[in-house]
Amino acid sequence: GVSSDSSGAIQVIADAPVVVTARTYNVGDVGTFGQFLPGVEMRQTMTAGQTGVLSLLSSTDRFRTNVGFINLGEQQVQVRVTVYNASGQSLGSRNMAIPPGAWKQQNDIFGAVGAGMVANGYAEVEVLTQGGTVWGYASVVDDPPGDPTTVPIVIQ
């Protein structure tokens, strides 16, 4: 009962070991292209007081960067994303509210904060809600053709 253009998070509970993965993709003239997304365990998530880093991000005439988060908790979580250029200069930040058990993505994070063109930048991520638990990623999209690369968050 889910349409082909749906998106979101799925929780899997199992009594035995399982491997959970996903692939999001586009259909092109010569086949499909897309990206792999891993299943996430609680031990891979970040909470308030930790900093996560998303590296090798770009916003140019050829690339754009989206950032996304999955809230693995039972309360709404506020996350702050601050983007930097390759020299470490802060270019702006954006707060995002992620509902409980949900996935949310900010397309073109550099554009969303008014940063303009940036090659080889990065983002720092903070969970602002005490008790919040999230996992994050960036998707650097080669546009055209729209081919993405997954950048999983690294928790410092």
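**Figure 1. Salt bridge between Arg64 and Asp143.** Arg64 is partly exposed, with a relative accessible area of 29%, in this predicted model. Its partner in a salt bridge is Asp143, and the closest N and O atoms of the two residues are 3.1 Å apart. Arg64 belongs to strand 5 (residues 63-71) and Asp143 to the loop between strand 10 and strand 11, so the pair ties together parts that are 79 residues apart in sequence. Asp143 is likewise partly exposed, at 34% relative accessible area.

**Figure 2. Hairpin of strand 10 and strand 11.** Strand 10 (residues 133-142) and strand 11 (residues 147-152) run antiparallel and are joined by 6 bridges. Across this pairing, Ser139 stands opposite Thr150 of strand 11. The hairpin has 4 residues between the strands, and Gly146 adopts a positive phi near 100°.

Figure 3. Thr82 is found opposite Glu124 of strand 9.

**Figure 4. Aromatic pair of Tyr84 and Tyr122.** The model contains 2 aromatic pairs. One of them is formed by Tyr84 and Tyr122, whose rings are stacked with 4.8 Å centre to centre and 10° between the planes. Tyr84 lies in strand 6 (residues 77-84) and Tyr122 in strand 9 (residues 118-127), so this contact ties together parts that are 38 residues apart in sequence. Tyr84 has 13% relative accessibility and counts as buried because this value is under 20%. Tyr122, at 23% relative accessibility, counts as partly exposed.

**Figure 5. Salt bridge between Arg80 and Glu126.** Arg80 forms a salt bridge with Glu126, in which the closest N and O atoms are 3.7 Å apart. The pair links distant parts of the chain, with Arg80 in strand 6 and Glu126 in strand 9, 46 residues apart. Arg80 is partly exposed, with a relative accessible area of 28%. Glu126 is also partly exposed, at 30%.

**Figure 6. Salt bridge between Glu41 and Arg43.** The model has 4 salt bridges, including that of Glu41 with Arg43, where the closest N and O atoms are 3.3 Å apart. Glu41 has a relative accessible area of 44% and is partly exposed. Arg43 has a relative accessible area of 67% and is exposed, because this value is over 50%.

Methods: Residues are numbered from 1 along each chain as its sequence is written. This is a predicted model: local features need pLDDT of at least 70, side-chain atom pairs count only at pLDDT 80 or more; totals for chains, interfaces and linings use all residues. Side-chain values use heavy atoms; hydrogens and water are left out. Rings of Phe, Tyr and Trp (its six-membered ring) pair if their centres lie within 6.5 Å; planes under 30 degrees apart count as stacked, over 60 as edge-to-face and the rest as tilted. Helices (H or I, at least four residues) and strands (E, at least two) are DSSP runs, numbered from the N terminus. Buried means under 20% relative accessible area, exposed over 50%, partly exposed in between (1.4 Å probe, protein chains only). Two strands pair if DSSP finds at least two bridges between them. A salt bridge is a side-chain nitrogen of Lys or Arg within 4 Å of a carboxyl oxygen of Asp or Glu.
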